[in-house]
Amino acid sequence: MQRIFDGRFLGKAMLALGLLAPRLTLAGESAPVTSPRVTATLLSGRDAVTPGERFKVALVQKLAPHWHTYWLNPGDSGEPTAIQWTLPAGATAGEIQWPAPKAIRVEPLVNFGFEGTVLLPVEITVPADARAGDNFTLKADATWLVCEKICIPEEGSLTLDLPIAAAGITDEAAQARIDAALAALPKPASFRGKLRGEGDKLVLDLPGLPSGASDVRFFPVLDTLIEHAADQPLTAGAKPMLTLVRSGAFKLLEPEVSGVLTFSENGEAKAVTLAADADPALLTAAETATPEARPAVVRIPVPVEGADLTIWAALALAFVGGLILNLMPCVLPVLFIKALGFAQLAHAHRNAVREQGLLFLCGVLIAFTVLAGAVIALGALGNSVGWGFQLQSPPLVIALAVVMVLIGLNLLGAFEIGASVTGVGDGLASRGGRFGAFMTGVLAVVVATPCTAPFMGAAMGYAVAQPPAVAFSVFVALALGFALPVVALSFAPGLLRLLPKPGRWMLVLKQAFAFPMFATAIWLIWVASVQSGPQGVLAALVAVLAAGFVVWLVGVTRGSLPRRVFGSVLAALVVLGAGWFTVQNAVPGATTEAHAGDIQAWSPERVAALQAQGKPVFVNFTAAWCITCIANERVALSRQEVKDAFAKLGVAYLKADWTNRDARIAKALAEQGRAGVPLYLFYPGRKDGQAEILPQLLTPDAVIAAAQRAAGREAKTAAATP
């Protein structure tokens, strides 16, 4: 009996020890949160803490090969890891103590972040009145963005229970890991730097840099200071200095710049925190600017629109959206040209008409493919772009305006260029006519991008979140829908033969079609004025003048070879000079600030602050080049009944202007599953309430109804069908 008792007792004791062993060995580490890319835990150097004690914990991220997370300043793209703490009453948590980042090149961008395993230390303070015998529970809700060729937002809740005791207990293994991470943190530099400007460059003087330092790189905390992907050549010697490329969105609000300086000395990698005094001349452009607050916690919502689509549904929506896109006002002027070409061929051979339609289709498909490639490639690099992104370039907007003016002048007969690249004239069946049909398809796509049609939003949002092959198929479906009316008309000669035979009426129609071209040019010049101010208008007018002069010059210098050579050389000089002037003066001068009436500028922080005040919030993501956006503002948002409803319900109206490139707006669009504007969000008047996505085509009644739902705190949590 004694033997049985002893055996049973020993077995139970061993079982108990076996069950307790994992808890004993992992007392200072939380249960992991895992994904195929990241394993995250919360690590503590203490197995037990004492009242009033300050101790270190660390968020540990073990990353899969080739994946990375981000530093405080993520570089050209990305978001830093953030932690929201839930602690016992009286306890406090400090800020993340950031290790030295590395420059992670994802062509053509450079991100600042971490690979492998990274520990992010945080200091925790136990309240002095904590009682021995109680539990001290740490809960960390962490969010991070992990990227390789694609970026995936992840989050996890990590919990660690530590007993409170009269004497603390150290977990030696965990404390050694944390101590090693703390020892590797950048230490304050023994010298101060100085930042000064030299043209489009910045020079960072480093008077105390060790003489043998190499591989020097500066990681600024401010993300609007330098071009992160640019090289940073070191000038060694008695006065060492780094040459930096000034950011295109340069903004410096404080007289001191801080960051981390990394370098190698005698083969050993080193990192120091550096403070540098900024030359006062660098502050002049930002004296009146208001510093933008960095949110304490960065949360990355998962896209909702298009997330539940199948590929077949996305293809169908893209096809129908492309079909409807033909009705948008930005596309009609170019389709007028194609219609004129068909009218001239109405009584020609059937094959000639079909050839024109198929060449138009080829132009549309190739243009859409190029756009899809740009959107997918840049999106895969973490640089969110979307439908219509190319019209955020003022020089391109001006170039399109010049093309529209030249097409209009050609239609009026001011000059003839063979069969014309617009697809009109007597030689439509010749080689020039074929090229003209193809280029008409390309031009139709280029001018279509300021518009979005119903059903496009969900399909495009689905496309940009899919692998390249699937995304390309959605863009091809959109292209096929867009080209269908013209192709169908080219294969229905019976409809074309209903038109009268060619005669004077065609010349009058051709000249009449010039005026939609001029109207489009006026609109494009207005877009340039919004982007670049009066300088943009001046650049556009100079470009139009130069284009007209070149066309005239080519015409009057025809004839002998010397005259043609002289005309060509002079035309090239005029084009180069006008191009240089346009690029120099078409620098975006507009801001995303909204000043009209009670409309405020959008920011995620502003939305959160207004919701915390109990205010429903309407956010209008728009752009000056977006025809649908402008139409919605005229038809719905500017109506008096909508304004009265907003005032009565206390709605805060925020505007996110994407006329010029804005990385934060692009990221916000991507988070909502959108590839472009318009996007309309209605947030309920409660903290952390989910936004309702309104349709892309608005009516006053729809906006007022959404405002009432938001004010009544009954906002939807899923996107409405656009």
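The legends below describe close-up views of a predicted model. Local features need pLDDT of at least 70 and side-chain atom pairs count only at pLDDT 80 or more, while totals for chains, interfaces and linings use all residues. Residues are numbered from 1 along each chain as its sequence is written, and side-chain values use heavy atoms, with hydrogens and water left out.

**View 1. A nonpolar patch lies on the surface.** Phe319, Val320, Leu323, Val476, Leu480 and Leu484 form this patch, with about 400 Å² of accessible area together. The elements that give two or more residues to the patch are α3 and α9 (468-490). Helices are DSSP runs of H or I with at least four residues, strands are runs of E with at least two, and both are numbered from the N terminus. Patch residues have over 30% relative accessible area and no salt bridge; like charges are joined within 9 Å, and nonpolar side chains (Val, Leu, Ile, Met, Phe, Trp, Tyr) within 5 Å. A salt bridge is a side-chain nitrogen of Lys or Arg within 4 Å of a carboxyl oxygen of Asp or Glu. Areas come from the Shrake-Rupley method with a 1.4 Å probe, and for residues only the protein chains shown count as cover.

**View 2. Valine 320 belongs to helix α3 (residues 311-325).** Valine 320 is partly exposed because its relative accessibility is 33%. Buried means under 20% relative accessible area, exposed over 50%, and partly exposed in between (1.4 Å probe, protein chains only). The C-alpha atoms of valine 320 and glycine 481 are 6.1 Å apart, although the two are 161 residues apart in sequence. Leucine 480, in helix α9, is partly exposed at 37%.

**View 3. Phenylalanine 112 and phenylalanine 219 form an edge-to-face aromatic pair.** Their centres are 4.8 Å apart, with 80° between the planes. Phenylalanine 112 lies in strand β9 (residues 109-114) and phenylalanine 219 in strand β17 (residues 214-220), so the pair ties together parts 107 residues apart in sequence. Phenylalanine 112 is buried at 0% relative accessibility, and phenylalanine 219 is buried at 2%. Rings of Phe, Tyr and Trp (its six-membered ring) pair if their centres lie within 6.5 Å; planes under 30 degrees apart count as stacked, over 60 as edge-to-face and the rest as tilted.

**View 4. Phenylalanine 549 and tryptophan 552 form a tilted aromatic pair.** The centres are 5.7 Å apart, with 40° between the planes. Both residues lie in helix α13 (residues 534-556), 3 residues apart, about one turn of the helix.
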